[in-house]
Each structure stands twice: as structure tokens, then as C-alpha cells.
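Hi,

Here is the structure I said I'd pass on. Have a look at it, and then read on for what turned up.

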Amino acid sequence: AGMPPWRRRVRRVQRFPGVAVADGPAGAPAAVQTADDPADLTRVGRKVEGVVTSVAMRNGRILHARVDIGGGVEAYLSAAESSDGFPTGRELCNGERLQGLRIQAVANRMGGIRVDVSKRTGALERPVYPTQRIKQAQDASKRVVAETFATAGVDTWLDGEVTDLVVNERSEKSFAVVNVTLPMPIGQEVSVWIYPQDFSDAFFDEAALGAKVRVRPIVGTGGNLRFSMRPYDAGFADAKAYMGDHTQGPVAEELAVGQEVAGVVNYVLYRSDRLVRAELHLEQGDEPQAFLDTAESCDGFPNGRELWSGQRIVGMRILRRTVTNQGTRIFVTKRSGDLVRPAFPVEQRRFPKGPQPDVLLEQLAALGDDVWLDGKVTTLALFRTGRKSSALVSAMLPSRAVVVAPMYIPEFSERFLAEAAIGARVRVRPIIDADTKFLRFSMRPEGAGELD
């Protein structure tokens with residue numbers, strides 16, 4: 001309990017009523033039958049579409065997305081299966097609607113079934129690499145010394161096979177895992193990581209599990225060893241189409257508040273499960289670095305769809321310039337309208353932890369069941385787990401006491417998704433969980449149900 005989804009060793013299994021699954025090896029297509037309709041959402045090869053409900057990550061790596069494909073089926077889309085060629089993972093965002101998916105595999109899992117989907121074209125069969133083989137290869141690679149290749153010529157090439165495509169939220173940290181067999185007298189199979197700058201030009205479009213590649217060892221001046229798919233005189237790959245163009249434009253005069261700018265996302269900051277802000281490299285101005293807070297990334301409630309490393313964002317405006325001990329920090333916004341932002345005390349911008357004080361709960365209970373409070377939005381928080389995304393609201397009781405509580409997306413009014421903003425005035429209804437003493441707000445009347 002309390003462990004992030006991507007840290008759990010056992011994944012939750014989605015069970016489907018009326019579905020019988022034939023036993024088969026893990027990862028292999030299973031024979032699926034339903035009580036009434038054999039052409040159901042678990043038939044391998046069927047074309048489907050769906051909405052991303054959550055994204056699992058570990059140490060910046062994008063592992064997979066869960067996709068609601070309808071009919072009560074929640075499928076898994078691996079980052080490596082999210083596009084043809086070497087994937088960027090940019091479509092793997094909560095709430096993103098994905099089309100062009102196909103059921104890739106259905107397998108037995110703990111008495112239920114697991115459905116995997118793919119956006120890749122072509123055959124759906126995938127090579128299976130036993131965990132032990134990969135582990136041995138990784139252990140062996142640690143024992144490889146650069147001196148083995150120090151005397152080798154620049155045209156020493158090795159045959160390899162792609163065993164994994166690893167997607168990182170910082171695009172330059174993504175890599176392909178390639179298994180190669182070292183020449184004698186070593187003769188061992190090792191796994192090597194190859195980063196985008198060392199991809200061949202064709203690999204960006206042709207990368208796939210099981211792809212056969214040729215790589216050459218490169219010994220750096222410090223004795224470090226890396227591998228590349230590029231010839232000695234080819235230089236680094238032009239990976240701008242994948243990672244984004246980080247080239248700074250000509251230096252201009254000092255950027256003024258309100259000036260329109262464009263830039264490329266260098267890095268996205270997460271704090272625990274929450275998307276906090278993106279660091280950008282601006283194409284204009286005297287200060288190339290800028291910060292885009294999640295709450296400022298679009299009008300209405302943020303969706304985070306542009307906050308990906310390598311993504312070029314246009315239509316931003318300078319929100320403010322702040323002088324710090326480290327120099328000037330520039331903050332930008334994609335919101336339209338006024339650039340003035342209200343300032344709230346720190347205690348009104350922090351999510352409350354634990355149960356609310358009994359004194360406060362008694363004051364709320366004394367107001368009756370149908371009480372509505374006037375409040376202001378102090379924070380807009382976007383989490384990887386969609387159900388945790390919320391607006392923090394500060395409201396004042398008739399006693400002049402200030403109460404701060406979250407309001408989750410299902411409790412938004414129909415218009416609030418499009419109109420949400422820091423400082424927005426809202427009318428909210430307090431809801432108290434008697435068991436946990438947890439307080440939350442809602443903009444929906446009692447009995448109105450949740451926002452779809």
C-alpha cells in the first residue's frame with residue numbers, strides 16, 4: 001500500500017467477465033473466446049482505439065501506458081510499441097486519445113488475462129528474450145575493458161540484435177539496447193546501450209525489437225567505451241527531429257514581459273508523481289533558459305500534452321522575470337488574457353496532509369448538509385495518475401476561518417475544465433469522509449454525479 005504503481009513488482013490484472021483464455025506461454029497470443037461475441041476486444045490483430053488512463057515511469061524512463069479501449073478492457077501499451085521506428089513517447093499522456101492501435105497479445109496472468117496493444121505496423125509477433133539471457137549479458141558487459149578495443153581499427157564492426165528500446169522523458173537519455181558477441185578471445189555476449197547521437201540515419205525510422213544492426217566500438221580519450229552505428233567519419237547523428245532543435249537563435253534585446261517567444265523543452269521536472277514544470281531553451285532573447293509551470297501550460301485545467309523533452313512550444317509569452325542569487329529566471333505562459341497572477345500565502349498553496357482538525361470539521365458540520373462556500377483556486381496540480389489531478393481551493397467560513405482542500409476532476413463543474421485558472425473564484429460544497437476525516441470540495445450539487 002502506498003507504493004507507486006511503477007514500483008510494484010506484481011501488476012494488477014484486468015479480468016473480463018465471460019472470457020475464457022487458453023493456457024499459453026507468457027507473451028504469446030492466447031486463444032480467446034467469449035460467451036456471445038467471438039470478435040471481441042481481446043482478439044489478436046483487432047484494430048482498436050482508446051484513452052490513456054495512466055503512465056508508468058521509473059527513474060525518468062517511460063515504461064508503459066494503460067489504455068481504456070472500451071468494453072471494460074484496460075490494455076497495456078509499452079513505450080517501445082507506441083510508434084514505428086524509435087519511439088518518442090510523446091503521445092503517452094493521461095487523457096490522450098490514441099488511434100491506430102492493434103491487439104498485439106493476450107496472455108494468462110494470475111487467473112485473468114493481460115491485453116497488450118501496439119501502434120506499430122507490420123507483423124505482431126515479437127522475439128522473446130529470456131530474462132536470464134539479458135541479465136547475463138548485462139553482467140558480462142560490466143567486465144568488458146576498453147583496452148580490448150584500444151588497438152582495434154576504426155572499422156571494427158560487430159553484428160548485433162536490438163533487445164529493447166528504452167524511452168526517457170529526457171529524449172537525449174533514451175537508448176537502444178543491443179546484444180553483441182565480442183570477438184575472440186573474449187567471445188562473450190554483452191548488452192550495450194546506444195544513444196540517439198550514435199544511431200544510424202535509418203535507425204530512427206526502422207528501430208524495432210529484434211532488428212539486426214552493425215555497431216562499432218569507440219574508445220574515448222578517458223578510456224571510456226561506447227558503441228555506435230555510425231561510420232568513423234560520419235560524425236554524430238542529426239537527432240533534432242527526434243530530440244528537438246536545441247540551437248539558440250540570435251541574441252536579442254532583453255525579453256520584456258508580454259513578449260511572445262518560442263522554445264524547446266530541455267527537461268521536465270516531476271516531484272513524486274506530480275508534473276511541476278518544464279525547463280525550456282528559448283529561441284529569442286538575452287536569457288536562453290526559461291520555465292513553464294504546469295498550471296501555465298494551457299488555458300483551462302492543464303493536460304501536460306506539450307511538456308515533453310524535445311517538444312517545440314510556440315505561442316508562449318513572458319510572464320515574469322525574477323532576479324535570484326543565480327541570476328535572472330524567466331517564467332513563461334501559454335495562457336491567454338491578463339498576465340497578472342494573484343499571490344497566495346504558502347499555507348494556502350500546499351495540499352493538506354492527514355486528517356483535518358476536529359475543530360474545523362465541527363464548524364463545517366454545524367453549517368448543515370447543503371452549505372456552499374465562496375473560494376479561490378490557489379493551485380492546479382497535474383499528476384501521472386489522472387484521478388489525483390486536482391485544483392486546490394481556499395475558502396472562508398462564516399467564522400472567518402480559512403479552509404484549504406483539494407477538488408478532484410470528477411467534482412469539477414462542466415465549465416471548470418475549460419475555465420480553470422489560478423485565482424479563479426468558485427462556489428464549492430464541502431464533503432467530509434467521516435472515517436478518515438478527509439475534506440474535499442465539489443462544484444457539483446449533491447446527487448448530480450461525477451463529471452465525465
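This is a predicted model: local features need pLDDT of at least 70, side-chain atom pairs count only at pLDDT 80 or more; totals for chains, interfaces and linings use all residues.

Is valine 265 buried or exposed? Since buried means under 20% relative accessible area, valine 265 counts as buried because its value is 0%. Leucine 280 is 15 residues away from valine 265 in sequence, yet their C-alpha atoms sit 4.4 Å apart in space.

Now for the chain as a whole. You'll find six helices and 22 strands in it. There are 452 residues, and 44% of them are buried. Looking at contacts with a separation of 6 or more, 60% are between residues 24 or more positions apart. The accessible surface is about 23,500 Å², with carbon and sulfur atoms holding 50% of that.

On to the cysteines. How many disulfides does the structure hold? The count is zero. Cysteine 93 has a relative accessible area of 5%, so it is buried. Cysteine 298 comes out at 15%, so that residue counts as buried too.

The second largest pocket is worth a stop. Its space amounts to about 1,300 Å³. There are 39 residues lining this pocket, and those closest to its centre are Arg274, Arg349, Phe351, Thr379 and Ala381. Which strands give at least two residues each to the lining? They are S14 (274–282), S16 (312–324), S18 (373–383) and S20 (402–408). S18 supplies the largest share, with six residues. Sorted by class, the lining of the second largest pocket holds 22 nonpolar, twelve charged and five polar residues.

Last stop: lysine 119. You can find it in the loop that runs between strand S7 (112–118) and helix H1 (131–142). Lysine 119 and leucine 101 are 18 residues apart along the chain, with 4.8 Å between their C-alpha atoms. Leucine 101 is also one of the residues in contact with lysine 119 once neighbours within four places in sequence are left aside.

Cheers

Note on methods
Residues are numbered from 1 along each chain as its sequence is written. Side-chain values use heavy atoms; hydrogens and water are left out. Helices (H or I, at least four residues) and strands (E, at least two) are DSSP runs, numbered from the N terminus. Buried means under 20% relative accessible area, exposed over 50%, partly exposed in between (1.4 Å probe, protein chains only). Contact means heavy atoms within 4.5 Å. Accessible areas come from the Shrake-Rupley method with a 1.4 Å probe; for residues, only the protein chains shown count as cover. A disulfide is a pair of cysteine sulfur atoms within 2.5 Å. On a 1 Å grid over the protein atoms alone, a cavity is a set of points where a 1.4 Å probe fits but cannot get out, and a pocket is an open set with protein on both sides within 12 Å along at least five of seven lines; lining residues have an atom within 4 Å of a point. Grid points are joined across faces, edges and corners, and a volume is the space filled by probe spheres set on the points. Ala, Val, Leu, Ile, Met, Phe, Trp, Tyr, Cys and Pro count as nonpolar, Asp, Glu, Lys and Arg as charged, and the others, Gly among them, as polar.
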